[in-house]
Amino acid sequence: MGDLKKEKTILEILSEIYIFTLIIIFPLIVDSSGFFHIFECKWYSFLIISLSYIGTTILTILYYLVFKKNNIFKKIKLSIIHWFAILFLLINIISCFISPFFKKYDLFVGIGRGEGLIVTSLYVITFLLVSLFGKFKKKYILYFSISAILLNLIAILQYIGFNPFNMYQLGIGTHNVSFMTTIGNIDFISAMYCILLSVSFGAYIFLEDLKIYEKIIHLLSLTMGFFIIGIIDVQSGKLAFLITLVIILPFIISNNKKLSKFLISLAAILFSYCINMIINPEYHYSIGKLKFVFQFNYIVLLYFIVIALLIYVSQILRRNNYDLSSNRRVIKWFYIPIIFIVFCSIIFTYFYNFKSGFLYEIHEILHGNFDDNFGSYRIFLWKRTIKLIPEYPILGSGPDTFAIRFMRRYTEDVAKIGPLTINDTAANVYLTMIINIGFLGLVSYLTFIFAQIKKGIKEMNCYSRILLIAIICFLIQDFFNLWLVIVTPMFWLLMALHYISLKNKNEL
């Protein structure tokens with residue numbers, strides 16, 4: 001029994017090292033090529049990190065099995081969530097080996113984004129190991145905010161004219177906001193922030209036993225993060241944050257302390273936008289220099305007035321106690337006005353023509369106009385992707401084979417709308433998944449996700465709630481984004497942490 005307890009402790013330590021490495025170290029890893037080979041750098045880094053974790057875990061188990069005659073698996077029971085994860089992996093394996101492209105292409109690595117069988121297997125296996133052997137610790141929540149602060153610091157330095165890690169090279173200017181931090185493309189930054197900033201927000205709002213320095217770290221993460229969100233201006237990320245907020249808002253307004261902290265966090269976010277308007281950096285390409293055009297206009301003044309009001313109201317709320325959060329009936333009633341507002345917003349968008357921008361596109365889509373240019377080229381991809389589904393509907397054509405099928409069919413269509421590019425995803429994780437591993441693959445994945453969410457809602461504690469918020473936010477942005485090894489490992493780790501936060505709830 002003593003050896004078995006010691007073995008579990010070692011496995012917990014190995015899991016803790018993996019968790020720390022993936023949350024804080026992995027996002028910062030780059031090589032000497034900067035943004036030019038950032039994907040390859042991240043791919044190999046994740047390969048090394050995950051295989052090191054898997055390998056040391058297996059060796060530890062084998063050592064105790066062979067030399068100590070202790071079989072830890074006798075004490076482990078796989079839950080339904082684990083079985084759904086294994087099923088998802090098995091479908092990926094079957095889809096890979098029966099793929100019509102298996103002999104001609106390397107489906108283990110993948111053809112488009114490196115999301116072949118290798119990394120998919122690593123996602124699932126590391127999830128299984130962390131969820132089976134990991135032990136949740138409160139400091140993991142703080143790791144996400146620390147990681148966000150580090151990434152934000154790099155991005156801010158880049159934005160004001162510096163070049164940390166020498167990321168900008170060979171013609172990519174130091175004020176190019178299409179690539180920032182050590183993540184790269186702004187869509188991937190947005191996806192990463194859907195995890196990191198959601199955890200920061202949830203921790204600041206819902207955790208009641210935070211120390212002063214922890215509150216500062218979470219607030220700093222939000223302030224710096226939304227400063228960058230405002231710069232990169234990725235609509236899918238903003239939409240994911242907004243929908244997530246709408247979903248959790250009744251749980252915030254039902255308690256005076258939570259609502260007070262929400263107003264403080266909102267003030268911090270508005271302050272970040274104010275700072276960007278004040279410094280107003282402009283890059284002059286003719287002279288190759290960045291200049292700051294400082295301004296303080298009426299809009300900035302209005303922002304500061306609103307910020308002051310939010311802080312003032314938050315202090316009033318802090319002194320006037322009420323708590324309706326335990327009354328589920330009241331929580332449900334809070335959703336009625338929210339649903340009504342959403343419904344009215346849709347009706348208004350249907351009838352009012354905004355002429356341009358995101359809301360104009362929504363207006364046109366509500367009227368049945370699915371123009372190829374809408375959604376930053378996404379409607380073009382989605383319309384054509386749906387037509388590909390009947391070819392291999394059950395198990396798809398193999399992991400990461402989207403590029404082969406899409407470009408074979410639509411090369412001329414792609415060329416007509418601009419310079420010929422290779423479209424290797426549908427810019428929608430779920431549609432891409434159907435093409436790659438079919439309806440069986442998508443259903444197994446969604447069932448796995450549903451089981452996670454169901455368990456999270458049923459057995460919720462203050463830490464699992466925070467992680468669940470981040471999971472939901474990431475799942476929403478997946479409707480407009482793609483899986484890539486730069487970000488996706490963080491999501492699978494997030495799900496594993498959510499699982500063990502429920503498993504260890506009595507020890508928290």
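Leu 87 is found in helix H3 (residues 80-97); helices here are DSSP runs of H or I with at least four residues, numbered from the N terminus. This is a predicted model, in which local features need pLDDT of at least 70 and side-chain atom pairs count only at pLDDT 80 or more, while totals for chains, interfaces and linings use all residues. Residues are numbered from 1 along each chain as its sequence is written, and side-chain values use heavy atoms, with hydrogens and water left out.

**Leu 87**
- Leu 87 is partly exposed, with a relative accessible area of 37%; buried means under 20%, exposed over 50%, and partly exposed in between, with a 1.4 Å probe and protein chains only.
- Between Leu 87 and Pro 489 there are 402 residues of separation in sequence and 19 Å in space, C-alpha to C-alpha.

**Nonpolar core**
- The largest nonpolar core has 145 residues; such a core is a set of buried Ala, Val, Leu, Ile, Met, Phe, Trp, Tyr and Cys residues joined through side-chain atoms within 4.5 Å.
- Helix H6 (residues 186-206) supplies the largest share of this core, 16 residues.
- Phe 144, Tyr 445, Phe 491 and Trp 492 have the most contacts inside the core.
- Leaving aside residues up to four places away in sequence, Phe 491 touches Ile 195, Tyr 445, Ile 449, Ile 471, Phe 474 and Leu 475, where contact means heavy atoms within 4.5 Å.

**Aromatic pairs**
- The whole structure holds 43 aromatic pairs; rings of Phe, Tyr and Trp (its six-membered ring) pair if their centres lie within 6.5 Å, and planes under 30 degrees apart count as stacked, over 60 as edge-to-face and the rest as tilted.
- Phe 127 and Phe 448 form an edge-to-face pair, 5.1 Å centre to centre with 90° between the planes.
- Phe 127 lies in helix H4 (residues 117-133) and Phe 448 in helix H15 (residues 429-458), so their pair ties together parts 321 residues apart in sequence.
- Phe 127 counts as buried at 1% relative accessibility, and Phe 448 counts as buried at 0%.
- Phe 348 and Tyr 352 form a stacked pair, 5.4 Å centre to centre with 5° between the planes.
- Phe 348 is partly exposed at 47% relative accessibility, and Tyr 352 is partly exposed at 44%.
- Ring pairs link a cluster whose members include Phe 26, Phe 46, Phe 88, Tyr 123, Phe 127 and Phe 448.

Note on methods. Helix = DSSP H or I, 4+ residues; strand = E, 2+ residues; numbered from the N terminus.
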